[in-house]
Amino acid sequence: MKRFRQHMLICGGTGCQAAGSVAVKDALVKEIAKQGVADEVAVVETGCNGFCAMGPVMVVYPEGTFYVALEEKDIPELVSEHIVKGRPVERLFYKEPKTKEIIPDMLDIPFFAHQQLIALKNRGILDAENIDEYIARDGYKALAKALAEMTPEQIIAEVKTSGLRGRGGAGFPTGLKWEFCSKSAGEVKYVLCNADEGDPGAFMDRSILEADPHSVVEGMTIAAKAIGSHEGYVYCRAEYPLAVHRLQLAILQAREYGLLGDNILDTGFAFDLHIYQGAGAFVCGEETALMRSIEGKRGMPRPRPPFPAVAGLWNRPTVLNNVETWANIPQIIQNGGAWYAAIGTEGSKGTKVFALTGHVNNIGLVEVPMGTSLRSIIYDIGGGIPKKHRKFKAVQLGGPSGGCVPEAHLDTLCDYEAIQKVGAIMGSGGMIVMDDSTCMVDMARFFMDFVQEESCGKCTPCREGTRRMLQILEKIVEGHGEPGDLDTLEELAPMIKTSSLCGELRGPLGLQG
Amino acid sequence: MAKLKISDLAKIKEQVTASTSLREGGASVKVTVHMGTCGIASGARTVLNAVMDELEKSARKDVIITTSGCMGLCSAEPLVTVEKLGEEPIKYSYVDDPKMRQIFNRHVLEGEIQTQWVLAKGSEQ
């Protein structure tokens with residue numbers, strides 16, 4: 001058998017033939033004869049080698065050089081260079097697909113690029129059920145600093161400097177709240193966390209507790225030192241089993257490490273934390289009702305004053321903050337209040353987490369610096385309205401206590417006062433985007449139905465008035481609206497609003513008025 | 001477990017960094033299944049089981065499988081991050097059982113990124 005010094009295996013599979021391998025093979029045979037190496041080189045046609053997309057392909061042995069996308073015009077050069085002179089033609093080599101360049105960087109994706117993470121800094125990065133991973137991301141460092149190096153007054157001053165306001169929705173300055181409580185007389189004080197996230201469409205607090213429960217534990221322990229408390233509760237709704245589970249694990253692990261309990265980090269400070277599971281009454285997200293619920297009583301609001309900072313849980317001075325507020329605290333202590341205050345607007349500092357949902361392309365959890373426009377959140381981060389022929393109609397902010405912002409006010413910035421000015425509230429972070437297929441009366445009816453269902457019944461105007469308003473809205477939605485309905489709604493709304501105890505109703509009634 | 005002193009925090013950080021970092025921990029790949037409620041509701045548990053199963057079949061000892069919480073883009077769940085030694089992390093979206101198996105066998109074991117299912121590379125910070 002004749003021996004050749006080189007074999008050129010050209011693919012003759014259907015794919016390569018369709019791409020022109022027959023002509024390439026003919027050209028090859030002609031060219032090796034022309035250049036006088038026909039006796040030294042064998043041209044072999046093979047079956048499909050599976051790389052049809054890059055055909056016609058050819059392998060030259062013994063080197064194993066892999067050529068792709070060959071054309072007739074490449075052949076003279078290939079033969080004279082590779083076969084005669086022994087210099088493989090690099091430009092015809094197979095090149096690794098540039099997957100890394102094709103794949104976008106996370107920060108090139110607008111959804112991630114426009115976000116700034118503080119409360120969510122550990123999202124998707126650590127194992128929430130392993131305290132060591134939290135510590136590895138500088139967890140409990142702020143607590144160590146607060147316990148070993150700072151006085152209660154310094155902690156409060158730092159939080160006041162940060163400009164942090166309550167992320168539950170009302171936006172009361174957190175540092176000020178702590179200061180009031182620290183000045184209240186009493187041996188026994190409590191630190192509470194409101195994790196009774198009840199607004200339809202809101203899931204910020206749940207996600208924080210599921211992804212990074214230790215940030216809440218750490219934040220609460222720092223506050224305990226600031227106000228002189230030794231016991232705290234997280235009031236979490238029982239409908240959040242995973243959040244409760246991970247928080248429970250976090251508390252157990254923190255206790256084992258001596259990060260909760262007596263003599264925390266060997267500094268002599270003592271604080272322990274318990275979980276109280278709420279049974280799912282919306283009103284228990286209201287602070288005074290929440291405290292009554294922990295006391296084992298029916299969750300109903302009571303008039304204020306006295307404020308919880310003076311007489312809260314079991315009539316003791318109490319600080320209550322929401323999950324997101326707590327998650328911000330460790331970083332404020334670690335990086336300083338001024339660092340936090342450098343982010344945001346004049347009156348609203350730091351970042352805000354939103355649960356973006358509804359008629360929007362990217363549904364998820366979003367943390368943006370205060371001062372970001374609603375339009376940017378919905379269009380840049382959210383990717384806009386999914387259906388092409390649909391248009392944006394309104395975005396609902398703040399749950400049942402909030403309001404709807406139409407297109408005309410979409411350039412409103414994330415800022416407590418700016419959002420209030422256009423008739424909604426910052427709220428806890430629920431952000432439901434609606435396209436023009438949404439009936440706004442039906443939306444009002446939905447929230448009125450929710451509020452009516454959740455009315456605790458303590459205040460007669462709320463209990464009875466919301467039922468009457470719901471009936472009117474249902475009638476309008478069914479197409480049986482009558483002249484005077486709107487007048488009745490407008491008459492009822494302020495009446496119920498001013499004669500009921502809690503803030504549950506402020507928004508839905510505002511919708512009408 | 002012993003109660004910690006302040007100086008212990010830095011030690012734990014060091015140990016964790018050593019054992020979970022790919023280079024120092026002896027592992028060459030880390031697979032993270034994002035398991036918040038959103039992930040679990042869209043099938044992250046099936047995905048986790050699939051990758052555990054494939055790992056067992058492969059008998060590889062240098063692959064870490066771990067879980068984490070929501071990374072924000074709930075509508076693209078289940079999300080999985082594959083991080084290979086010396087490479088940027090790759091985030092896969094809409095992962096299911098067969099996709100996870102293919103990602104494991106082709107990307108984790110053979111280094112061939114399954115571009116068609118990739119959301120992005122890199123990390124947020």
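Student: Which residues does A:Gly337 touch, not counting residues up to four places away in sequence?
Tutor: A:Gly337 touches A:Glu158, A:Val159, A:Lys160, A:Thr161, A:Ser162 and A:Ile332. Two residues are in contact if their C-beta atoms, placed from the backbone, lie within 7 Å. This is a predicted model: local features need pLDDT of at least 70, side-chain atom pairs count only at pLDDT 80 or more, and totals for chains, interfaces and linings use all residues. Residues are numbered from 1 along each chain as its sequence is written, while chains are lettered from A and ligands numbered from 1 in the order in which they are written.

Student: Where does A:Gly337 lie?
Tutor: In helix H15 of chain A, residues 337–341. Helices (H or I, at least four residues) and strands (E, at least two) are DSSP runs, numbered from the N terminus.

Student: Is A:Gly337 buried or exposed?
Tutor: A:Gly337 is buried, because 20 other C-beta atoms lie within 10 Å. The cut-offs are 20 or more for buried, 12 or fewer for exposed, and partly exposed in between, with C-beta atoms placed from the backbone.

Student: How many Å apart are A:Gly337 and A:Tyr276?
Tutor: They are 31 Å apart, C-alpha to C-alpha, and 61 residues apart in sequence.

Student: New topic. At what angle do H2(A) and H3(A) pack?
Tutor: Helix H2 (residues 21–34) and helix H3 (residues 75–84) of chain A pack at about 50°, with their axes 9 Å apart. Axes are lines fitted to C-alpha atoms, for helices over the stretch in contact, and angles run from 0 to 180 degrees between N-to-C directions.

Student: Which residues meet there?
Tutor: A:Val24, A:Ala27, A:Leu28, A:Glu31 and A:Ile32 in H2(A) meet A:Ile75, A:Pro76, A:Val79 and A:Ile83 in H3(A).

Student: What about the two chains? How many residues does each give to the contact?
Tutor: Chain B gives 33 residues and chain A gives 43. On the chain B side, H1(B) gives the most, with 6 residues.

Student: Which element of chain B has the lowest mean pLDDT?
Tutor: Helix H2 of chain B (residues 22–25), at 62. Helix H4 of chain B (residues 44–58) has the highest, 96.

Student: And the scores for the model?
Tutor: The ipTM is 0.86 and the pTM is 0.82.

Conventions:
pLDDT is the predictor's confidence in each residue, from 0 to 100.
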